Amino acid sequence: MLLIKNGTVNTITQGIQKIGILIKDKKIVAMGENVQEQLDSETEELEIIDAEGNFIYPGFIDAHTHLGLWEDGMGVEGADGNEETDPITPHLNVIDGINPMDRTFKEAYEGGITAVCTTPGSANVMGGQAAAIKTYGRRIDKMVIKNPVASKVAFGENPKSCYGSNEDTPQTRMAIAALLRENLRKGEEYLYDLKCAEEDEDIDKPEYDIKLESLIPVLKKEIPLKAHAHRADDMFTAIRIAQEFDLKLTIDHCTEGHMIVEELLEEDYPLIVGPSLSERSKIELRNLTFETAGILSNAGKDICLMTDHPVIPLQYLPICAGLAVKYGMKQEKALESITINPAKVLGIEDRVGSIEVGKDADIVIWDGNPLEIQSNVLCTIIDGKVVYKREA
């Protein structure tokens, strides 16, 4: 068992409290001022962390990264995020490409980030399945929180530039949308045929199709389409297609979101904003600004912030939140954007995103406000295990 005492705890969902936190079997089992009194000192072996003068937060969560898919300091040998041979690859799954031995995992948890969504890249119109994982471990199978959490799709310049330059489809935004519709419709027909075969033994099951099989959770609204969309018109196309097929959707990047606030409020799809701490490297980023997050949040949207790692190194997620505050976002909302909001969007809020009894013991102790650049992580705990301690 592990007891954290005397720290100032920002639970995210239940306010800021001066309480102790008791951890057992990877979970938070008790919280309160007198939590130590609940222990049976004769039977329980206890490790104590005295956090006096320090600040305790849930581990931070990034809702959109490519962690482990583009390995640090490597070229093509460590690039496993885009299968640039076919614009339609919904059947790919990130856990088959992630290398948890990449050193950026260590940098992540040393920076207070304990969970992420790792997603395929955006070269393909349909890129594959994304997974929510912990940032500590050696074997990806043991790090998974939920898989899949979404099906990646991409609009705009990325798939156009990948395939259009080779005179393959898609070369236009029209073709991107058409390819999506075509394959979603095929998926609907495949699912219908499967149901008919289940209900009537005289009807043969359709021949197994791994691509269409992977779309079943999307069509059943078990997971969303995770839409790479920077420009306003691309966001509207993503929404249009999601509504045509009655699908769940998240809008990732949302670079021009501040330009269409009323429309995004009307539609009410989850927004994952970023990466804002980067250059305007292509035309569709010409309206990139750190003000987007604050404008949307102040209008009433519960947003998530993201690094798009390795575009921005993952450990700088709190700095991105701090810069969002500098440009107008309220601090408590910025904290929610890297804790409970991404947990909800990814469907893992029952396990992570806040400090509550029953949740995973993913906890970080800071020596100051984590959104201020001079603050340091003193200790990172993932699944109840101390995985990092800052040297004195």
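Predicted model: local features only at pLDDT ≥ 70, side-chain atom pairs only at ≥ 80, totals over all residues.

Student: Let us begin with strands. What is the order of the strands in the open sheet of six?

Tutor: The order is β3-β2-β7-β16-β17-β18, and the pairing is mixed. β3 (16-18) and β18 are the edge strands; each has a single partner strand, so one side of each lacks a neighbour in the sheet. From one strand to the next, the twist averages 20 degrees.

Student: In which sense do β2 and β3 pair?

Tutor: Strand β2 (residues 8-10) pairs with β3 in the antiparallel sense, over three bridges. A pairing can also be followed residue by residue: Asn-10 has Ile-16 of β3 as its bridge partner.

Student: Which strands pair with β1?

Tutor: β1 (residues 2-5) runs parallel to β6 (residues 47-50), and four bridges join the two. With β4 (residues 20-24), β1 pairs in the antiparallel sense over three bridges. Ile-4 illustrates both pairings: its bridge partner in β6 is Ile-49, and its bridge partner in β4 is Ile-21.

Student: Next, single residues. Where is His-230 placed, and is it buried or exposed?

Tutor: For a single residue, one reads the position, the accessibility and the contacts together. His-230 belongs to the loop between β12 (225-229) and α7 (232-244). Its relative accessible area is 4%, so His-230 counts as buried, the limit being under 20%.

Student: Which residues does His-230 touch?

Tutor: Residues up to four places away in sequence are set aside here; the others touched by His-230 are Met-235, His-253, Cys-254, Thr-255, Glu-256, Lys-282, Glu-284 and Leu-285. With one of them, Thr-255, the side chain of His-230 makes a polar contact of 2.5 Å.

Student: How does Ser-337 compare in its setting: is Ser-337 buried or exposed?

Tutor: Ser-337 is buried, at a relative accessible area of 0%. The loop between α11 (331-336) and α12 (340-346) holds this serine. Apart from neighbours within four places in sequence, Ser-337 is in contact with Ile-303, Cys-304, Leu-305, Met-329 and Pro-342. Its side chain also reaches the backbone oxygen of Ala-334 at 2.5 Å. Ser-161, by contrast, is 176 residues from Ser-337 along the chain, and their C-alpha atoms are separated by 31 Å.

Student: Finally, salt bridges. How many are counted?

Tutor: The count comes to 22 salt bridges. For each pair, one reads the N to O distance and then the surroundings of the partners. Arg-139 and Asp-141 form one, with their closest N and O atoms 3.4 Å apart. Arg-139 is exposed, with 52% relative accessibility.

Student: With which residues does Glu-284 form salt bridges?

Tutor: Glu-284 meets Arg-173 in a salt bridge of 3.5 Å, N to O. This pair links distant parts of the chain, 111 residues apart: Arg-173 is in α4 (residues 173-199), and Glu-284 is in the loop between β14 (271-273) and α9 (291-298). Arg-173 is partly exposed, at 21% relative accessible area, whereas Glu-284 is buried, at 0%. Glu-284 also forms a salt bridge with Lys-282, the closest N and O atoms being 3.5 Å apart.

Conventions
Residues numbered from 1 in each chain as written. Heavy atoms only, no water. Buried < 20%, exposed > 50% of the residue type's maximum accessible area, 1.4 Å probe, protein only. Polar contact = N/O pair within 3.5 Å; in protein donor to acceptor, adjacent residues only side chain to side chain. Contact = heavy atoms within 4.5 Å. Pairing = 2+ DSSP bridges. Axes fitted to C-alpha atoms, helices over the stretch in contact; angles between N-to-C directions. Salt bridge = Lys/Arg side-chain N within 4 Å of Asp/Glu carboxyl O.
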